[in-house]
Amino acid sequence: MPRARKGSASRKGGQRRRGGARGSTQADSGSSEDEAASETHSTTSECASLLSTAAEDSLGGDALDEQGQQEDLEEKLKEYVDCLTDKRYLSLPANPYTHVPTQPMPNVTQLGLAHKTPPSSSPSAKTRQGALESLRLALASHLLPDFLLERRLTLADALEKCLRKGKGEEQALAAAVLGLLCVQLGPGSRGEELFHSLQPLLVSVLSDSTASPAARLHCASALGLGCYVAAADVQDLVSCLTCLEGVFSRPCGVGGSTAPVFPVSLHGLLCAALQAWALLLTICPSSHISHILDRQLPRLPQLLSSESVNLRIAAGETIALLFELARDLEEDFIYEDMEALCSALRTLATDSNKYRAKADRRRQRSTFRAVLHFVEGGECEEETVRFGLEVLYVDSWARRRIYATFKNVLGSGMHHHLQNNELLRDIFGLGPVLVLDATALKACKISRFEKHLYNAAAFKARTKARSRVRDKRADIL
């Protein structure tokens, strides 16, 4: 602070001295003005050249920094892969992000704890879980196809061991990493080979009633996502549909009037299986859709009375998707029990029970208003997703299910994958990847003042529209 005051005082003094000199030389000729102008011009040109050079250096520095960050990321990923395959890393800390030097573990026989520690709580299991979680986060937020192609066999072998010998959380994380690997590798022979090698294990864990509900949940999601991305054979699609259908259809009767009762621990599993099944319906051939409609459309309304709000919403969205697929096959599609279905949907769309959380009620009412509007013959509400300079329009229930699935898997990395992942750009019809430099991005960026004007105009229009509805003198039809 004292230096700042001293500098400001010196600048003020310099200004006063220049002002005095200017007053004393007021009668001089204009040659001094020309010299000053020439000096100013030369200084300006030098500054411009320095700025351009600095801008080029900064762009080159950004590229180098990005390359260095990519190399550091790949080095960390190599360590995480080694944690899954090499016994030398069994003494690493449970969280790979904490680089704390570890001490050698004492011998369990010396402590009298031999044959008392379960395998799931051993240091090696915790280390594998930490490595799997780090891999999951990295694959969700970065695009690494070349790095993964070189190590796909190693990763497939490591994930197979985790799914076969692991317990609970380790199996869940391995299934989540498998789904992300399919998204990274995309369709083709290599992605299909990876999915076929691990599909039997996913089905085995999903069908095992003694396995952890979290592991079965993630296996259901990975089975649906992997089949959607990598499976090229219709028989693989049909087998996955049958497996997922058996999970959420088992507790439901055929045309039963009583609501099925599910254990609370299985609500997440049923929801994940239903959503994965709905995802595969979007690519199911039309020859199979008619049989699925006859078999499942009378059963799914039973799930609308579930205690879980997520399961109710998943059932409602799947019903809307089935109606959309049915109308694609037959424009004049008529459901036999339409009145009872619309009554149940209307009840959920206007639900105001206080024993449910306010956020759950709001989300449920919003979803079932859209479902009821579509089932009664309306159109699907369009959603707009903006990322970078592009816009994605979600205007059907099939696209909503696909977008929700990838968003659930990728999390905060969804926009990055929409911009750079060819698989997602092909699925949503976004075309080839846009290549824009920093100058183009800066030119297309909206200024803060323009954003302020846009927000002000939108606020004014929204206020007017709401005021007309809220006005007590408005006619209520």
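Me: What share of the contacts in the protein with a separation of 6 or more comes from residues 24 or more positions apart?
Reply: Such residues account for 69% of them, where contact means heavy atoms within 4.5 Å. The model is predicted: local features need pLDDT of at least 70, side-chain atom pairs count only at pLDDT 80 or more, and totals for chains, interfaces and linings use all residues. Residues are numbered from 1 along each chain as its sequence is written, and side-chain values use heavy atoms, without hydrogens and water.

Me: How do you know that the span of α7 (residues 169-185) agrees with a helix?
Reply: The expected span is 1.5 Å times one less than the number of residues. For the 17 residues of α7 that gives 24 Å, and the end C-alpha atoms are 24 Å apart, so the two agree. Helices here are DSSP runs of H or I with at least four residues, numbered from the N terminus.

Me: What makes α7 mostly covered?
Reply: Of its 17 residues, 16 are buried, that is, under 20% relative accessible area with a 1.4 Å probe, protein chains only. In the protein, buried residues make up 36% of the 477 residues.

Me: Why is Ser306 called buried?
Reply: Its relative accessible area is 5%, so Ser306 counts as buried under the 20% limit. Ser306 lies in the loop between α12 (286-296) and α13 (309-329).

Me: Which residues is Ser306 in contact with, leaving aside neighbours within four places in sequence?
Reply: Ser306 is in contact with Phe262, His267, Leu311 and Arg312.

Terms used: Helices (H or I, at least four residues) and strands (E, at least two) are DSSP runs, numbered from the N terminus. Buried means under 20% relative accessible area, exposed over 50%, partly exposed in between (1.4 Å probe, protein chains only).
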